[in-house]
Amino acid sequence: GGGGGLGRADYSTARKVDNYIRLATAVPARALNTFIVKTALEEGDTIVDPTAGTTLRQLLTTLLGGCNDPLRLTVERLGVQPGPQKLFRRFDIFSPELSRGGAASAALLRLFLRRSFQQGRWFGELVQPTVSSRGRSGSRVFTEFQIPVLGCNPGEWADLAQWLCRSGLHHPSVRWVIQIPRLAEVRKLPTFRCATLQDQLDHLFLPIWAASVDPSAHPAVSECLRSTAAFNVIS
């Protein structure tokens, strides 16, 4: 029929947008488990806690109750699936008190689902296949992934933008939604370097204004902004 030039377009051929997807929780639990096992087998001697001298394999052994075989790791052990009470939230997995997998699981997941360790190399390698599959040529599904910028320090935008480029996470079908914190809990983070609220606002907005005025001086941040669809204030 008429349809203003839409022809025979229907749900199966229309372009769709998946939104409100946290990048840290975009990877299926089984894929996360497989990646951790693979990394432990290949890089098990990597020091993950310099203070205690703990390696990745030792941390995994603690999680497995003394078993030193990474292949014994399961999704259930990681604690990344809801319990019988159905009150599970994925961001709880970073908390030693709330994680169903316990303190060792929470510590392990912070290594793989945050950018704070090894400049986010493991995190980038983990999510890259998921992001690439969403941005593959010919796909009719667009995706908006949420990533946080907390305003903790003046280099946060540059660190994020360089990580996105370094990890190969920019794709034509993928856009970023920047999460900005609403609550003051962020001030408890060890990376928080703000004397006043104005400092935090400066860290949040001055870098993107500078990149907008002179993109050539801030190429990574400029590229990140070109792929940014929105800002979202979160609790």
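## A kinked helix and its neighbours

In this predicted model, helix α7 has a kink of about 30° at Phe 205, shortly before the proline Pro 207. The chain that holds this helix contains 8 helices and 6 strands, and 42% of its 235 residues count as buried.

**The chain as a whole**

- Read from the N terminus, the order of elements is β-α-β-β-α-α-α-α-β-α-β-α-α-β.
- Among contacts in the chain with a separation of 6 or more, 67% come from residues 24 or more positions apart.

**Helix α7**

- Helix α7 covers residues 197–213, which is 17 residues.
- From first C-alpha to last, α7 reaches 24 Å, close to the 24 Å expected at 1.5 Å a residue.
- The buried residues in α7 are Gln 200, His 203, Leu 204, Pro 207, Ile 208 and Ala 211, so Pro 207, the proline that comes shortly after the kink at Phe 205, is under the 20% relative accessible area that defines buried.
- Two helices and two strands pack against these buried residues of α7: α6 (156–166), α8 (219–226), β5 (174–181) and β6 (228–234).

- In α8, the buried residues are Ala 220, Val 221, Ser 222 and Cys 224.
- Leaving aside residues up to four places away in sequence, Glu 223 touches Cys 165 and His 170.
- The C-alpha atoms of Glu 223 and Ala 161 are separated by 7.7 Å, although the two residues are 62 residues apart along the chain.

**Helix α1 and its two partners**

- Helix α1 (residues 29–43) packs with helix α4 (residues 103–113) at an angle of about 90°, and their axes are 12 Å apart.
- Angles from 65 to 115 degrees count as roughly perpendicular, and α1 and α4 are therefore roughly perpendicular to each other.
- On the α1 side of this contact are Leu 32, Phe 35, Ile 36 and Thr 39, which meet Leu 108, Leu 109, Phe 112 and Leu 113 of α4.
- By class, the residues of the α1 contact with α4 are 7 nonpolar and 1 polar, with no charged residue.
- With helix α2 (residues 56–63), α1 crosses at roughly 130°, and the axes come within 9 Å.
- The contact of α1 with α2 holds 4 nonpolar, 1 polar and 2 charged residues.

**Backbone angles to look up**

- Tyr 20 has a phi near 55°, a positive value in a residue other than glycine.
- This tyrosine, Tyr 20, lies in strand β1 (residues 16–22) and is exposed, with a relative accessible area of 55%.
- Gln 119 also has a positive phi near 55°, again in a residue other than glycine.
- Gln 119 lies in the loop between α4 and α5 (121–134) and is exposed, with a relative accessible area of 60%.

Technical notes. Residues are numbered from 1 along each chain as its sequence is written. This is a predicted model: local features need pLDDT of at least 70, side-chain atom pairs count only at pLDDT 80 or more; totals for chains, interfaces and linings use all residues. Side-chain values use heavy atoms; hydrogens and water are left out. Axes are lines fitted to C-alpha atoms, for helices over the stretch in contact, and angles run from 0 to 180 degrees between N-to-C directions. Helices (H or I, at least four residues) and strands (E, at least two) are DSSP runs, numbered from the N terminus. Angles under 35 degrees count as roughly parallel, over 145 as roughly antiparallel, 65 to 115 as roughly perpendicular and the rest as oblique. Contact means heavy atoms within 4.5 Å. Ala, Val, Leu, Ile, Met, Phe, Trp, Tyr, Cys and Pro count as nonpolar, Asp, Glu, Lys and Arg as charged, and the others, Gly among them, as polar. The expected span of a helix is 1.5 Å times one less than its number of residues. The bend at a residue is the angle between axes fitted to the seven residues ending there and the seven starting there. Buried means under 20% relative accessible area, exposed over 50%, partly exposed in between (1.4 Å probe, protein chains only).
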